[in-house]
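Here is a short report on a predicted model. The sequence and structure come first.

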There are 4 protein chains.
Amino acid sequence: MAWTTNEIAKHKDASSCWVIIKDEVYDVTEFLLKHPGGPGIILKYAGHDATSAFVPIHSPDAIQRNLSPSQCLGRLADTKGGEVDVQMGHTQDEMRVEREMKRRPPLNQILNLTDIENVAKKVLPHPVLAFYSAGTDDEVLPIPQSLARNRRAFDRFFFHPRVMRPVSICDPSTKILGYHSSLPIFVSGAAQAILGELNITRACGKANIIQMVCTTDSAAALPSQPLFFQLYKVTDTAASTKVVQEAEQLGYKAIALTVDAVVVGNRERDVKSLWVLEQQEGKTQVYFEWDPEATTNLFGSSAVNRRNAFDSDLSWKETIPWLRSITKLPIILKGIQCVEDAMLAVEAGVEAILVSNHGGMVFSLPPLEVLHRIRQQQPDIFDKLEGGIRRGTDVIKAVCLGSKAVGLGRPFLYALSAYGEAGVTKMLDVLHREITISMRLLGAASIRDLTPEMVERVDWEPVRQRNTKL
Amino acid sequence: MAWTTNEIAKHKDASSCWVIIKDEVYDVTEFLLKHPGGPGIILKYAGHDATSAFVPIHSPDAIQRNLSPSQCLGRLADTKGGEVDVQMGHTQDEMRVEREMKRRPPLNQILNLTDIENVAKKVLPHPVLAFYSAGTDDEVLPIPQSLARNRRAFDRFFFHPRVMRPVSICDPSTKILGYHSSLPIFVSGAAQAILGELNITRACGKANIIQMVCTTDSAAALPSQPLFFQLYKVTDTAASTKVVQEAEQLGYKAIALTVDAVVVGNRERDVKSLWVLEQQEGKTQVYFEWDPEATTNLFGSSAVNRRNAFDSDLSWKETIPWLRSITKLPIILKGIQCVEDAMLAVEAGVEAILVSNHGGMVFSLPPLEVLHRIRQQQPDIFDKLEGGIRRGTDVIKAVCLGSKAVGLGRPFLYALSAYGEAGVTKMLDVLHREITISMRLLGAASIRDLTPEMVERVDWEPVRQRNTKL
Amino acid sequence: MAWTTNEIAKHKDASSCWVIIKDEVYDVTEFLLKHPGGPGIILKYAGHDATSAFVPIHSPDAIQRNLSPSQCLGRLADTKGGEVDVQMGHTQDEMRVEREMKRRPPLNQILNLTDIENVAKKVLPHPVLAFYSAGTDDEVLPIPQSLARNRRAFDRFFFHPRVMRPVSICDPSTKILGYHSSLPIFVSGAAQAILGELNITRACGKANIIQMVCTTDSAAALPSQPLFFQLYKVTDTAASTKVVQEAEQLGYKAIALTVDAVVVGNRERDVKSLWVLEQQEGKTQVYFEWDPEATTNLFGSSAVNRRNAFDSDLSWKETIPWLRSITKLPIILKGIQCVEDAMLAVEAGVEAILVSNHGGMVFSLPPLEVLHRIRQQQPDIFDKLEGGIRRGTDVIKAVCLGSKAVGLGRPFLYALSAYGEAGVTKMLDVLHREITISMRLLGAASIRDLTPEMVERVDWEPVRQRNTKL
Amino acid sequence: MAWTTNEIAKHKDASSCWVIIKDEVYDVTEFLLKHPGGPGIILKYAGHDATSAFVPIHSPDAIQRNLSPSQCLGRLADTKGGEVDVQMGHTQDEMRVEREMKRRPPLNQILNLTDIENVAKKVLPHPVLAFYSAGTDDEVLPIPQSLARNRRAFDRFFFHPRVMRPVSICDPSTKILGYHSSLPIFVSGAAQAILGELNITRACGKANIIQMVCTTDSAAALPSQPLFFQLYKVTDTAASTKVVQEAEQLGYKAIALTVDAVVVGNRERDVKSLWVLEQQEGKTQVYFEWDPEATTNLFGSSAVNRRNAFDSDLSWKETIPWLRSITKLPIILKGIQCVEDAMLAVEAGVEAILVSNHGGMVFSLPPLEVLHRIRQQQPDIFDKLEGGIRRGTDVIKAVCLGSKAVGLGRPFLYALSAYGEAGVTKMLDVLHREITISMRLLGAASIRDLTPEMVERVDWEPVRQRNTKL
């Protein structure tokens, strides 16, 4: 069956959401809340052509794997008249991306994670980059403010390097929830799931790095490779129960309950990026109207999709006991943002917490600062940390302050986008080198030697110059 | 009767002040101190044509409503010779304004209050913009320093978001002096009265937002819509008594006594903006001489206008008892700037205080910092706060620190100037969305859940990047 | 008698120092250490033509008043061949100055001290500007660092304005060492003496502002006008005794002993400015060699001029008793830079101290900070303050912290250079307006009402934007 | 014998390392770890022509002195075809250097160390400059971040200058480990050894400044001139024993054991500078691949060169006793970076420590801050300090905080590069002048008078403007 754009355009919200991908029409209403990247980004293309946003970040079989045949509605009837120049693969933005891919420096000139990020930012399609680097609220290019604040937090911690300690043998490996990890880092699950993550899984498997994923689709995992499952609980508790038990059966080693995503943040950059794209393409007509209220309502008071919505009513009293009752796996709480909740998590008996401020709240304290406060106020609390890592020294600062390991999200995405699996491997090599060099210079032969006394938070403003070209 | 410009030019100060508006001549000597925007701006046009400054910000019937027939002196006799190109509606600045009005982005592309402000700053006539955004003393474009300091104050407060709290139902409404308010904000009365505020009143009435106004002319108010009256006490106490009693009879719900306007501040920008305007028009001759001493004297030692001048001799011992004796309405003190005066206000038994630094004193502490000190030193004091609000998170920070509500002034003016009543409604929608999203992300289902423990003032310099174009 | 440039060039140091002014040759060896501006600036022209540096800042009769006839050696024999284009009054720099003088804005457009400074910086000859604005050591344009640090110090102090206090009558006058002063300011003696200060004296006399001068040549003083004498003690104590007694006889009201000028600072800018000037004139040859060692030695170990050199061996034990023994006038110590010395000054019984860091030591604390420490540690010490004042609020901050009055140096020089006596009067008008407006806004009806509780030193970085054009 | 570039290119790593210098081929495999500048820089040219990097910073006889005849392999057979334009002395970079040498300002226009540095930065070949100014990790031009942080640390300390103290006689000399030093400074051994240091030694000998060198080749030393020997201990302890005993026999006065160089830092700038150079020369082909892992392994787990590698297993228990057992010379520990290690050094009985963060660890505390903490926590510890000195006031701040003397490294290199021995002498003159002027202005007649009470660390951000041209 063939559909006209006029017909498709009617299915433009969460009650009925259709999209066009490569001239095929799909009903994604059901899928909206299963989408690992969240429903927000799909809804922006509701009733429209989503090809340019879909193709660059999904594996070719993503549609088949996720949609039932009945949700594949048929072909597009009309080709939107004279707009043939905006066909898939030929938009101005796509041509720019192709050009930049050819100009990438060879991998052996990549010295650090910032080099990788710079390449990725050039080769990524505009809307994808906006999605990756979007912060919330008043974020602006080139660096969203929450991210900038997180990075600055690292710059405020200085080291007390120790000398005259044998470091010829230096081992940066550690254990995370009992599983071996070659470095005190892991792949955090936040954003990367929207990307075919097979290559990340493969590279991490070889390098003994643990990955936290948010789908149960982990074909690329090596037999012995531990994966953690990141759970977004929905209001339909039975559905979430099913997902958790599936994960346990598939061999996932832990459940990371996301506790800071009770509502979609205020992602203005996502919205604006589409307008920019349209302007680049030379169209003067803005062909959709973003309705932030609608998005809010989706998780708020709107009745329509409540059943599948992210659960806004998590609670200590009910959610943790429920999770314990349906799985034997260790529980991680992902998204703790203050000392008080870290203490409640300990009381609730969870196996780990993940300190992060990715959830969308602007002006939440940088995770490293939360860690610093936990260290000062509740030094017996164990945790992990996430956000703003760019250097091996950043990882070491977090470990010194008591974090067992540090989750990295964006850097893996950038490495993958820029150079594929080889990029991910390169990135892990860089981190290994930076971490071991720094451990030696600190007089630390093992992760155990990284102690709180080795870092000091100073009260002066860090000197941070722009990353200029040599 | 017709008047020559030479004749008119003689009436150029507070002892006799005439202005030309649309070729009609008016005696505004009496009106000077009734002018809600203060006499300063009128005096700058004393003896001259004030059309270009008057028209854009006043309703068409503003003259009839405020001047008696005897104060309408007649027509202008001469048309100033060759200066026909500077007629009303055809100055270069006015043509620029018309051009910019056509270029405004559609309302559905407005995502936040800064977007609105940016539009307003383009479509406002030069002298009006200067008046709105003028700070005092050493203020310079693009952001006056007091305002910049107020904004930075917000950036220094960080949140401790709480998780695992039910927030599917989230209610941002509150009560202000017992009256229902759909959000913890209100319209503060500072500057907007110079603008036909009917549209603001109408939009606020529909949205259940309380407005503080400084004239008794509130035809647009809905029957049940509570309005507060902002009082500038003059030295003629009988005159002020009459005004207050009029306000009570007309149904105003509270009297906000302005306590920080005992003298006109040092508004250099106002003055300079006129010179700029003249230069834009291609005139080389500066046709008036600003005499700051005269302005000072007006409220100081000059005998001429003392009777109607703002009262520079307010005191705790006399002013509050006088106000109590003439009205039963609750009393708000507007313009408290330090903890000590907040305590004196409590002792004096006033119903509310309004912490703000709009009064003209440069280097007074940002209101949020005053609030923070009150919270630390006198946590039982109730108050409101004003100044520098641009985001829902700003409002929430103030509420967390103990403010019942937050007054916004300029943002309403910008919204009105840019898009009329629809702009004001849009702005309230934006704030509603931002406040409820943030409340949910903080784990707060109601205003009561916003507690001091949720904010922390950090000692580092906030990262604030310029608002660049995407 | 006529002298050749070759002959003159031999007298190029402190042992024999000749200069050419308007084609006349003078022996200024004796005068070097009497020069109120210090010998350094003269020595830079030793053996050369000093016309361009001398003329703009001295009164026409300055030579006659200060040199004996025997020190006027005669005319210049040769006119330096082809260099006629560099005659007095026709250098490129002088032509620039003439041009800028014509472009000055009228006085009624001057709104503040920064406006005046900006005009002055345009109309001053290059070397004079360098001398005025020179700081020490690593100072660079546009603002020397010590000065910038002093200014920033003011920005860190915020006010606690008080409301509900009668301020219709507001009196900013005070007493300095018992003498009436219309404002809590005075003219500090540092640099201005090199300029014909008659106009400053005249304007201050009319405005009731006390002046501290460093010559005994005060013909312009009104009969009742109090002047303070700034003493640079030299190693020849008898000579200094004579100067002090002369001052007392002439009616000066106090002796301000300079205690922070035991050695000439490292004024690199002075030196560099000459090179710049030469380059502007199109000469490629650098015709003199600055020898900083020589300057140092002048006040150090070099035997030649020790007799007249500034005394490097001041001491509490000997210097104060000596001064007491030769004069009945009250003693001020000028150049106190820390709390410890402020206490020693009190113990030594001097009548006043002048906190300043003009003496040449880079990285000495900004005077306002010293005052703040004195206030905290030794609140019973009385003092005056100097440096970095640009606004009435700056003066008020210093007075709140306990300073009786505030000395201004450079601003007077700028006002004088830009507009002559009228400029000085204008500047005093501006300060009067700014001080009284701010006092009213602070709720202070008199200087007594300005208390330490009214200021607070904040720990955040001040927002200070560049002074952009409107 | 003549070698082809193809043959030479095979010897490209630490197992067999050949380089071409002026068309001669050398085997530097053995020499790699004797190279005072470390093996890293040589390895970058392994298998290639190193002429352009070698010539500018080595004395003509450096090869003969350091290599045995058997290590001089013979001539280069081929001249690389068409690349004759890149011959020694004719690369674009070398031509630039020649041009800049002619443009140097005369020495009498050099007023301070920054002037010298600016000249040096212009006349140094690109790769040499990169090596000198390279920091570690995220360092970027124009100022590496560790260096910038060190300099800022100085700016945060302010003085309390004392007045009324006799300072006509002012003596800045001191004793370092019992040896007379004309100033409280010495030449630190870090980087300069890679440069023919004869000129530095000669200038220091005349000026009575002690030098710390890292070779035993000190032909230029005056008979009575004390030199300290900087030891890089290698894993072959017998070899290090031999070197130390050689140094003692040759008359060196102390052994400075380098304790912060257990691994080569992450010198990305070194690597990148080569790419830049190649691009300047117009070549598109990157002809070598930097392998940071290889460099790491060199000092890490790689078996090949372990015997000669810097010892990564220094320890308090074994290293100090070993050193005591083989020499009677006093021991200095160079590279202490925290208070804890300073205390351990005292316990271990060493004669002096050298606080520095040159070792490569990014985000180690600026040495002055470490000194400040030692002063506060362990005021009885004696030490020296290194890093970021540019002004006499910097030296004085360190001395006030308890440092006996301050080591300068880069400034000597810059002075030497810019003006040879005369430049070094000039630099010492500048420091002498700056230190004595500042001492006098502080009221200090001798080094003993420089006390901790004279400095105060402020909590505000230092004002530091860019070094603009006048």
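## Strand pairing in chain B

Start with one residue pair. A2(B) stands opposite R75(B), which lies in β6(B). The strands behind this pair are β1 (residues 2–3) and β6 (residues 72–76) of chain B; two bridges join them, and they run parallel.

β6(B) also pairs with β4 (residues 24–27) of chain B. Here the strands run antiparallel, joined by three bridges. In this pairing, Y26(B) faces C72(B) of β6(B). In a regular strand, side chains alternate between the two faces of the sheet.

## Helix α10 of chain C

Helix α10 of chain C covers residues 237–250. Its 14 residues, at 1.5 Å a residue, should span 20 Å, and the end C-alpha atoms are 20 Å apart, so the two values agree. Which residues of α10(C) are buried? They are S240(C), V244(C) and A247(C). Seen down the axis, the buried residues fall within an arc of 60°, so they line one face of α10(C). An α-helix has 3.6 residues a turn, so residues three or four places apart point the same way.

The other side of α10(C) carries exposed residues: A238(C), K242(C), Q245(C), E246(C) and Q249(C). The cover over the buried residues includes β11 (227–231), β12 (254–258) and α13 (319–326) of chain C. After α10(C) comes G251(C), with a positive phi near 100°.

## The nonpolar core

The largest nonpolar core holds 402 residues. Which of them touch the most other members? They are I255(A), I255(B), I332(B), I255(C), I332(C), I255(D) and I332(D). In soluble globular proteins, nonpolar side chains tend to be buried together.

Take I255(D) as a close-up. Leaving out residues up to four places away in sequence, I255(D) touches F229(D), L231(D), V244(D), A247(D), L323(D), T327(D), L329(D), I331(D) and I332(D).

## Confidence

The model scores ipTM 0.75 and pTM 0.78. Chain A averages a pLDDT of 76, with 70% of the residues scoring at least 70. Among the elements of chain A, helix α13 (residues 319–326) has the highest mean pLDDT, 97. Helix α12 (residues 292–299) of chain A has the lowest, 35.

Two stretches of chain A call for care. Over residues 80–89 of chain A, pLDDT stays under 50, and the model has ten contacts beyond four places in sequence for them. Over residues 191–195 of chain A, pLDDT also stays under 50, with 19 such contacts. Where pLDDT is low, the predicted coordinates should not be read in detail.

Key
Residues numbered from 1 in each chain as written. Chains lettered and ligands numbered in written order. Predicted model: local features only at pLDDT ≥ 70, side-chain atom pairs only at ≥ 80, totals over all residues. Core = buried A, V, L, I, M, F, W, Y, C linked by C-beta atoms within 7 Å. Buried ≥ 20, exposed ≤ 12 C-beta atoms within 10 Å, placed from the backbone. Contact = placed C-beta atoms within 7 Å. Helix = DSSP H or I, 4+ residues; strand = E, 2+ residues; numbered from the N terminus. Expected span 1.5 Å × (residues − 1). Arc of directions from axis to C-beta. pLDDT = per-residue confidence, 0-100. Pairing = 2+ DSSP bridges.
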